Every structure is written in structure tokens, then in C-alpha cells.
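Reader: Hey, can you walk me through this one?
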Amino acid sequence: MAGVAAEDQYASAEADVAAAAQSIAALVAKSWFLAIQARQQRDLAVEMVASSRELLRIAEQRQSIGPGSAVEVAQADASLQELLDTVRQLDLALAQASRVARAAARSLSGSRDQGAIRVRRVAAGAGCGRSVRAARAQA
């Protein structure tokens with residue numbers, strides 16, 4: 001009887017470890033997708049900054065020629081500054097997403113080893129080390 005209970009406890013611990021590893025794997029995938037999305041958004045914002053700089057140059061040129069106004073130049077400059085701020089925010093988001101993805105990946109690689117240790121501890125704590133090994137050998 002005790003051997004069956006120990007085997008059940010061992011199997012339950014193994015299932016817990018597998019579920020945790022699967023959950024961490026999902027977190028890794030999601031983190032990398034978020035990092036990729038942040039990179040793409042940042043790249044787009046950088047392109048928008050280049051366009052905004054060109055619009056500011058055109059507004060300044062129009063003002064120097066005559067048909068442009070100081071208001072147009074101020075609006076173009078404000079737009080450029082807003083986009084530059086967006087790029088800075090996206091840089092921070094990208095750095096954070098990359099850190100989370102790397103940490104999740106490290107966690108995944110370590111979770112399998114730690115999970116196996118936890119399963120062995122659970123089995124040893126239940127006094128079932130010998131019966132579990134015997135059951136596994138028979139399987």
C-alpha cells in the first residue's frame with residue numbers, strides 16, 4: 001500500500017514539474033514575441049523620426065522663403081520631439097522585454113534540473129526511493 005501511495009506521490013510531483021516547465025516555456029515564447037514586437041515598433045518610430053526631421057527641414061525652408069510660418073516650424077519641431085520621446089520609451093520597453101525573455105529562458109533551462117531534484121526530494125521524503133526505483137526499473 002505504502003509503495004503505491006509513494007509512486008502516486010512521485011508521479012504527481014513529476015506532473016507538477018512538467019506543468020511548471022510548460023508554463024515557463026510559454027512565458028519564454030511570449031516574452032520573445034513581445035521583445036520582437038518592441039523592436040519592430042522602435043524601428044518604425046525611428047523611421048518616423050527621419051520623416052519628421054525632413055518635414056521640419058521643409059517647414060524651416062518654407063519659412064525662410066516666405067510662404068511658411070513660425071507656427072508650422074513649431075508644430076514640426078513639436079512632432080519631432082514627441083517622436084524622439086517615443087523612441088526613448090520604446091528603447092526602454094525593448095530593453096525590459098529582452099531582460100524578461102532572457103530571464104525566462106534561463107529559468108526554463110534551470111527548471112528541468114531543479115524539478116528533477118524536487119521530485120527526488122519528494123520521493124525521498126515519502127520514504128519511497130527504493131520502491132519508486134524498482135517500479136521504474138520494471139516499467
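Predicted model: local features only at pLDDT ≥ 70, side-chain atom pairs only at ≥ 80, totals over all residues.

Reader: What's the mean pLDDT of the protein?
Author: The mean is 80, and 77% of the residues reach 70 or more. pLDDT is the predictor's confidence in each residue, from 0 to 100.

Reader: Where is confidence lowest?
Author: In helix H3 (residues 129-138), with a mean of 43, while helix H1 (residues 2-65) is highest at 89. Over residues 122-139 pLDDT stays under 50, and the model has 16 contacts for that stretch beyond four places in sequence. A contact means heavy atoms within 4.5 Å.

Reader: How many helices and strands?
Author: Three helices and zero strands. Those are DSSP runs numbered from the N terminus: H or I of at least four residues for helices, E of at least two for strands.

Reader: What about contacts with a separation of 6 or more?
Author: Residues 24 or more positions apart account for 82% of those. As one example of distance in sequence versus space, Leu27 and Leu108 are 81 residues apart in sequence and 9.1 Å apart C-alpha to C-alpha. Leu27 lies in helix H1.

Reader: Why does Leu27 count as partly exposed?
Author: Because its relative accessibility is 44%. Buried is under 20% relative accessible area, exposed is over 50%, and partly exposed is in between, using a 1.4 Å probe and protein chains only. Buried residues make up 25% of the 139 in the protein.

Reader: Switching topic, how many salt bridges?
Author: Three, with a salt bridge being a side-chain nitrogen of Lys or Arg within 4 Å of a carboxyl oxygen of Asp or Glu. Asp91 pairs with Arg42, the closest N and O atoms being 2.2 Å apart. That pair links distant parts of the chain, Asp91 in helix H2 (residues 70-125) and Arg42 in helix H1, 49 residues apart.

Reader: And the others?
Author: Glu72 bridges to Arg62 with closest N and O atoms 3.8 Å apart. Here Glu72 is in helix H2 and Arg62 in helix H1, 10 residues apart. Arg57 and Glu54 form another, at 2.4 Å.

Reader: How far apart are Arg57 and Glu54 along helix H1?
Author: About one helical turn, because they are three residues apart in helix H1.

How values were computed: Residues numbered from 1 in each chain as written. Heavy atoms only, no water.
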